[in-house]
Amino acid sequence: MLDVATPLVSLPPRIASWFAARGWSPRLHQLALLAHAAAGQSALLIAPTGAGKTLAGFLPSLVDLMGQARSRPALHTLYISPLKALSVDVARNIEIPVSEMGLPIRIETRTGDTPAGKRQRQRRDPPDILLTTPEQLALLLASPDAAMLFGDLRRIVLDELHALVTNKRGDLLSLGLARLRRLAPGVQTVGLSATVREPAELAAYLRGRDDLPPALVVAPEGARAEISMLDTRERLPWAGHSARHALDEIYQALRGCKMALIFTNTRFQAEQLFWDLWKHNAENLPIALHHGSLDASQRRRVEAAMAEGTIKAVVCTATLDLGIDWGDVDLVINVGAPKGASRITQRIGRANHRLDEPSRALLVPANRFEVIECRAAIDAASHGVQDTPVPRTGALDVLAQHVLGMACAAPFRAEDLHSEITDAAPYAAVTREDFDRVLDFVAHGGYALKAYERFAKIRQDKDGRWRVSNGRIAQQYRMNVGTIVAATMLKVRLVRSRTGPMGQTLIGRGGRVLGEMEDGFLESLVPGDTFIFGGEILALQAIVEDEALVQRVQSTTPKIPAWGGSKFPLSTYLASRVRSMLSEPHAWPELPSQVQDWLDIQAERSLLPPPDSMLVETFPRGGRHYLVAYPFEGRLAHQTLGMLLTRRLERERLKPLGFVGNDYALAVWMKADIGARIKNGLVDLDGLFGEDMLGDDLEAWLDESSMMKRTFRSCAIIAGLIEKRHPGREKTGRQMTVSTDLVYDVLRRHEPDHILLRAAREDAATGLLDLKRLGDLLLRIKGRIIHKDLDRVSPLAVPIMLEIGREPVYGEAQDEILAEAADVLVEEACGVEGRSFREPA
Amino acid sequence: MGLRAEALENRPDTTSPLMVAGERFLADPSGALFHEGERALLVADLHLEKGSSFARRGMLLPPYDTGATLAALADVVRRYAPRLVVALGDSFHDPFAAARLSDADRTVLAAIQHGRDWLWLTGNHDPLPHEGLIGSVSAEWHVGPIVLRHEPQTDSGTGEIAGHLHPVARVVGTSGTTRRRCFVSDGLRCVMPAFGAYAGGLNIHHAAFTPLFGTRSRIAHALGRDRVYAVPITRCIADG
C-alpha cells in the first residue's frame, strides 16, 4: 500500500552493492523513505516487525552522510526510542552495515547509564548519529550549548512512535521536537510505528505548523499470527490473575517450542509465575525472568541469552514489549487478560521475525471473564482491528517542567516560548493566558497569596527575559527531569552476615545489587521477613540509607511482594466485543465448556447482559444488600462510578457500606434493601445512574479521592513542585519528602483553581478516574438499565464478589470501618469472645 | 461497651477518653489531647512554616499550611478553653521558621495564645527558643506522674506523652481499609498524632515504634471525621 505518487530513488552504488552482497534487495518502503528524504519531506512509516523498519529510518542518513564531507564534527541524526536498551540494540544493528560498507560515520548512544565523562565529550565532540531517550534529549536541550550542538541537525528518527506518544513522555518529547525545529530549521522527522488505528493522527505529531504534512508510508502486513487460547483441563478460577491452575499446561507448551516468551501483566505476576514454573521444572529447562525492577546487568544477560538462543523461556512484563531483539522466539504466551487488541497483536507480531512465517501465540486466561476477553481479542486480531489510543492533549505539568528546562538553556521571552510550544501538536491549543499561568507557577508557585517572590526559581531580567535564578535550580531541574514517576525505590543488595566476637550479627556491605523495590513494601517488613525477588527467596536483614540488605534463604513459603505494577484497563473496543459475545449464545461454542455452563446458569437464574443495555442485579447476602452492575468499561471507570454511586446512595439514606470494581463489573453493598426499593419505585435506577453525577457529586468526591491524590502527586513531581531527588540529599531522599496528599488537601481548600489542580483534573479525566469513559457509559445506558432482583448471588456476580475487601474505601464508609474495628475492641473489653474460649466444651 | 458509655457522659459527639498512667485525657478528632483536671490542651508536631521551609530549597509548596494549622488550632482551643496549651515540639519546621511567619498568621497565633499560659517544648526541628514569640520554652513538662516531651524515650518511666513519630493507623474493616492519623497508647505511654497540615504520617507498624511498645498490647485511637475511635492494633495493618 505505498503511496503511488512516491517517486522512487535508486540506492547509491555502495549501499546497493552491500544489499546485493547479502542477497537482499531494498524493500519498497525503504526506498520510499529515501525518496521523501530527498524531497525534504518528513514521513511516518507504518510497518510490521521484521520489515527492516529501523534500517529504513537510517538509510537516508547514511546516504546523506556518505555523500558530503563535513567541516567539523556535528550531529546529523538524532534517534529517539522509548527504551534505553533499544537504543543500545539499534546502535549495534546500524554499526553492522556502516562498518561493512566502510562508511566514516560515528554512531553513539547516550542514556542514563552513559558515564559522565563520555556525556561531556559528546557535547563537545558530537557523533554523526546519536541514539538516545526523551529524557536525555530534554537534558541536552536544557543546556546552554544546545544551540551549538543541534545547529546542524538534519534528521530525527523516532522509533516505536506508537508507544512514545501515548503518555507524558510523548508530551515532553513533542516539546523537545518543537525546540529542535527552532534550533535546526528544516530538520526532517521520521516516525517508525507499528500498525495504529488512525495513522494521520500519529503523523500530526511529527510536524511543525509551517511544515508540509508528513508522507505516510505503509509497508505490507506480514503473515497473520496464529493465536489460540489455552483450553484448560483444569477447573477455571472464578477470580484472580495468577493462572496457577494452568501451570502444567504452560510448562508442556514450553517443552514443545524452540523459545518462548511468557508475558504477564505485572511484575508481581511475573515473579510468582517464574517461581511456580521452577518448582514445576522437572526437566530443568533454562527459564529466565525479565522485568523492569531487576538490575540492568541481569536484564542484559537475559537479553544476550535470548539472542544466542541458549534459553528456553523468559517470563517477562511489558518491558520486553518493545524493540529488543527477540532472537528465535517462536511462541508467545500471554498470561492473564490481553486488555487490548492492538496491544496483543503488536506483542505477538514480534515473534518469528521472518515475515512470511506466522507468529504463534497462546493466550492463557486466569479466570472466567478473562476467557471471554481472550476470545474477543483473538477475534479482533483475526479481523485486523486496531484499538490504539487517541492522541493526547499535552499535560500542563510536563509543560511546566519544559519551561524551567528552557530557562536553564537560555533566557527567553514569554511570547517567543509560547509560540514555540504551540508548535508541538499536543500543545497547539495552549492559550497565552494558560501559558502565563504555567510560567507563574514555575517562577514562584503561581499562588494568589504572593509569599514566595523571594524564592522565585526563574526571574525576569530588565529586558523582560526570563532566566533561571541560580545554578542550584538548574541542578535541581537536571536531577528531576522526566515524566516517569515511580514510587521511591530502594536498591536490593545481597549481603553476607557473620557472627561477631560478641555473638552479635554483623552485616557485611558491598554485595551484588539485585535490583530495586518500592520502599513502602520493604519498610513494612521486619528483619527476617522473606519475599520473592528475581526468582529467589530473600530475607531482609536491614534497611540502610537507600538500600535494603538481604540474604538468600532456604524457604518455600515467602512473604510475597505486593507490587502494584502496571494495570491497563480493558480497551473500549474489547469491552464492547465482550458485551456482544455474552449476549450471543451462538458464539459460545468457541468458548470452553466450563464457561458455557457458567453463562447457561446465568441465563437461567438471572439474565445475560444485553449488548446495548446495562444489567443491574440486586440480592441479599450475609445481612447486607448488594447491587451489582455490569458496564464492562474497565476497572478505572468502574471505580469512579462506584465512588459517585456511593455518594448518591448515602444521600438516599440507603446506607452504602462499600464497593468494589473490576474490569467488567461493579458491586456496591449497603444496609438498606435496595432491590425492594427499586421494585417498589422508591429508587429510580435511571436517576441513580444519571449523567448529572459528573457534576456536583464529582466535585465533592474529588476532595478525598485517593486516585485523585495519586494523580496530583504525579503532576506535582513532574511539574517540579516536589522533587524526586535533591542535590546533596540523594542518600536520604526518602526522609525529606512531604506528603503530597496533605499538600493536595491544603491547596484544594485554599486555591481550588490553581493550575496544578487543573492539570491533575485533566489527567484524571483520561487517566486514573477515566471520566471520559464513564461519561460515555452513562450516556450509553440512559434509559437502558435492566434490573433483576434476585434472592441470591448470580453466577456472573461471583467473580466481583470475590474481590470484596481488597480495596480502600471512602466517605462515610471510612468511619464505618473505624466503628466496626472499635466494636471489636469493645467485645474484647467485655470479654465476650474471651469467655467463650475459656468455657469448657 | 464501657468505653462508649464513658464517652457519652462527657462529650458524646467528639471526644473519647484516653487513659495514660492513670490520668484521664480526652482525645479530640483534631489530634489534640485535653486534661480536664489541669485544663491543659496538648498538641504535637505543628510543623508551622513547613511550606516556606521547602520553598527556600526550591520546592514551592502552597503557602497555606501555617494558616490551615493555626485555624485548626484556634478551633480546638475555642472548644476547650484551656488554661494551658503545651505544644510538644517540632512546632516550627526549622530554626528560622518563626521569623518567616506572615503578619496575618502572627496575629492569629497571638489571638489563640491570649488569656492562657503557653508552653513550647523543644523538638528536633526547633531545638532552640524562637525569638519574638509569646510563651515559655522547655524541654519537658509534667502532668501528674506523666512526662511530656517531644521525642519518646525507650524508658517511659511513670508515664510519657510524646510526639515526633506522627503515628497513623491503617485500619481494616470487612469492606476495605482506611488510613488515619492516630494516638497510639499502651496505657503508660501515648504517642500523639501530628497536628500540622503538612506533617506526614508513619504507620504504627513501622520499626520505629517497636522499641517503645515492644510486644505489649496497644491501642490506636484513630481520628475519625467527628470522633476518635479506639481500635485494637490487631485491626491495623502495615502500608504497602
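**Legends to close-up views of chain A**

In this predicted model, chain A has a mean pLDDT of 85, with 87% of its residues at 70 or more. Residues 561-566 of chain A fall below 50 in pLDDT, yet this stretch has 20 contacts in the model beyond near neighbours in sequence. Where pLDDT is low, the predicted coordinates should not be read in detail.

**View 1. Overall composition of chain A.** Chain A contains 33 helices and 27 strands. Of its 841 residues, 47% are buried. Among contacts in chain A with a separation of 6 or more, 75% join residues 24 or more positions apart.

**View 2. Helix α21 and its packing partners in chain A.** Helix α21 of chain A spans residues 572-582. Its buried residues are A:L574, A:A575, A:R577, A:V578, A:R579, A:M581 and A:L582. These buried residues pack against three helices of chain A: α14 (341-349), α15 (368-382) and α22 (593-605).

View 3. Residue A:A204 belongs to helix α10 of chain A, which covers residues 199-204. A:A204 has 17 other C-beta atoms within 10 Å and is therefore partly exposed, since a buried residue needs 20 or more and an exposed one has 12 or fewer. A:P214 is 10 residues from A:A204 in sequence, and their C-alpha atoms are 7.7 Å apart in space.

Note on methods:
Residues are numbered from 1 along each chain as its sequence is written. Chains are lettered from A and ligands numbered from 1 in the order in which they are written. This is a predicted model: local features need pLDDT of at least 70, side-chain atom pairs count only at pLDDT 80 or more; totals for chains, interfaces and linings use all residues. Helices (H or I, at least four residues) and strands (E, at least two) are DSSP runs, numbered from the N terminus. Two residues are in contact if their C-beta atoms, placed from the backbone, lie within 7 Å. pLDDT is the predictor's confidence in each residue, from 0 to 100.
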